[in-house]
Amino acid sequence: MCRSIKTLRPPALPDQATEEEIRAAALQYVRKVSGFRAPAAHNREAFDHAVDAVARATAELLATLEIRGQTARTTEARTADTP
């Protein structure tokens, strides 16, 4: 796995991961999997769609994980934070 993707859940990140941090991790993941640092114009839409999908999945995962017996975030809070 890409070593530049940092852990976003507590206790590695004491506060909630920001949307920016989640998107950065998603971008690193898609870059690693696709082999593109920046895709060609004809692949840009697919690349951007993949980053968005991975960011949404990451936010959902972080929102539903239980960390040491506590839920990370509630569904209502997660829904309010995502566009």
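Select residues 75-81 next, which form helix H3, the element with the lowest mean pLDDT, 49. Over residues 74-79 the pLDDT is below 50, and this stretch makes five contacts in the model beyond its near neighbours in sequence. Where pLDDT is low, the predicted coordinates should not be read in detail.

Now move to residues 44-64, helix H2, whose mean pLDDT of 95 is the highest among the elements of the chain. H2 has 21 residues and spans 30 Å from its first C-alpha to its last, close to the 30 Å expected at 1.5 Å a residue.

Within H2, which residues are buried? Select Phe47, Val51, Ala55, Thr58, Ala59, Leu62 and Ala63, and you will have the buried residues of this helix. They lie on the same side of H2, because they cover an arc of only 135° around the axis. An α-helix has 3.6 residues a turn, so residues three or four places apart point the same way. Turn to the other side of H2, where Glu45, Ala46 and His49 are exposed.

Finally, pick Ala53, which is also found in helix H2. Ala53 counts as partly exposed, because its relative accessibility is 30%.

Conventions
Residues numbered from 1 in each chain as written. Predicted model: local features only at pLDDT ≥ 70, side-chain atom pairs only at ≥ 80, totals over all residues. Heavy atoms only, no water. pLDDT = per-residue confidence, 0-100. Helix = DSSP H or I, 4+ residues; strand = E, 2+ residues; numbered from the N terminus. Contact = heavy atoms within 4.5 Å. Buried < 20%, exposed > 50% of the residue type's maximum accessible area, 1.4 Å probe, protein only. Expected span 1.5 Å × (residues − 1). Arc of directions from axis to C-beta.
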